[in-house]
Amino acid sequence: IYSQQELADLLAATADLLPSAGLRPVTMRTLIGLLAATGLRVGEAIKLTDADLDQAQGLLQVRQSKFRKSRLVPIAASTGEALAEYVAVRDQQLGAKAAHALLVFDNGKPLTQDQADYAFKVLRRLLGWGRDANGRWPRLYVLRHTFACRRLLAWYAEGVDVNAKLPHLATYLGHAKVSDTYWYLTGIPALMAIAIQRFEHAALSTEQEVAPCA
């Protein structure tokens, strides 16, 4: 799960991608920012078209994603503004080349999964990021996990009923089952600690309720 500093470093490093005067740096910065802000799957983000962005309503239309499901994804005003700024830069850069896809490289063709993964590997190398303690490399997909875990931590900090909120998060993320979203409760040590604490509290309360009277 990426820290705020790691996210900032990752976004800043996109400026060093080549060609520096092309669309690759700004497209990767936009992709990373979008994934961090919405928790979209990488495949969902790269399939977006201009028609899928409704900045006025603050919505993204995700079409025929995993399990052939489509959904509307609300976005913050700042996210919509960042996407609109990207489109303006993209159109200026492409000139006469028509761009149907939202995220493209200099040839005007849609950004592919392989291109996104390779660019991320370059960023990882530029930042000197290596494998974690479990031998896993940082990946683009971890931005989705980061989004979900940070949302859960924020809800806990706000004191809201997380169990009641989980179906909303499941719908937002496009999970087929809410049980897929429950996985995030143990996704990072901070959430695991909260889960253990609440379990212990619930267990203690149950013991007190069933304890025989003296």
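Here is a friendly conversation about a predicted model and the reasons behind some of the words used for it.

Biologist: Why is T49 called buried?

Modeller: Buried means under 20% relative accessible area. T49 has 14% relative accessibility, so T49 counts as buried. As for its place, T49 sits in the loop between α3 (42-46) and β1 (53-54).

Biologist: Which residues does T49 contact, leaving aside its neighbours within four places in sequence?

Modeller: Those are H100, A101 and L102. Contact here means heavy atoms within 4.5 Å.

Biologist: And why is G135 called partly exposed?

Modeller: The relative accessible area of G135 is 32%, so G135 is partly exposed. That class lies between the cut-offs of 20% for buried and 50% for exposed. You will find G135 in the loop between α5 and α6.

Biologist: How far is G135 from G58?

Modeller: Their C-alpha atoms are separated by 39 Å, and G135 and G58 are 77 residues apart along the chain.

Biologist: Let's turn to the helices. How do you know that the span of α2 is close to the expected one?

Modeller: Helix α2 covers residues 24-38, which makes 15 residues. The expected span is 1.5 Å times one less than the number of residues. For α2 that gives 21 Å, and the helix reaches 21 Å from its first C-alpha to its last. Helix α5 (residues 113-127) passes the check too: it has 15 residues and reaches 21 Å, close to the 21 Å expected.

Biologist: What comes just after each of these helices?

Modeller: Just after α2, G39 takes a positive phi of about 70°. Just after α5, G128 takes a positive phi of about 75°.

Biologist: Which residues of α2 and α5 are buried?

Modeller: In α2 they are R24, P25, T27, M28, T30, L31, I32, L34, L35 and T38. In α5 they are A116, A119, F120, V122, L123 and R124, and these buried residues pack against α1 and α2.

Biologist: Why can residues three or four places apart in a helix point the same way?

Modeller: An α-helix has 3.6 residues a turn, so residues with that spacing point the same way.

Biologist: What makes a set of residues a nonpolar core?

Modeller: The members are buried residues of nonpolar kinds, joined through side-chain atoms within 4.5 Å. In this model the largest nonpolar core has 57 residues, and L31, L35, L40, L60, L140 and L152 touch the most other members. Helix α6 (residues 142-158) gives the largest share of this core, eight residues. As for L40, its contacts beyond four places in sequence include L35, L60, V62 and R144.

Biologist: What about the second largest pocket?

Modeller: That pocket holds about 310 Å³ of space. Its lining has 16 residues, and R29, T30, G33, L34 and A82 lie nearest its centre. Two or more lining residues come from each of α1 (4-13), α2 and α4 (77-94). Helix α2 gives the largest share of that lining, eight residues.

Biologist: How do the lining residues of the second largest pocket divide by class?

Modeller: Ten are nonpolar, four polar and two charged.

Technical notes. Residues numbered from 1 in each chain as written. Predicted model: local features only at pLDDT ≥ 70, side-chain atom pairs only at ≥ 80, totals over all residues. Heavy atoms only, no water. Buried < 20%, exposed > 50% of the residue type's maximum accessible area, 1.4 Å probe, protein only. Helix = DSSP H or I, 4+ residues; strand = E, 2+ residues; numbered from the N terminus. 1 Å grid on protein atoms, 1.4 Å probe; cavity = no way out; pocket = protein on both sides within 12 Å on 5 of 7 lines; lining within 4 Å. Points joined across faces, edges and corners; volume = space filled by probe spheres on them. Nonpolar A, V, L, I, M, F, W, Y, C, P; charged D, E, K, R; others polar.
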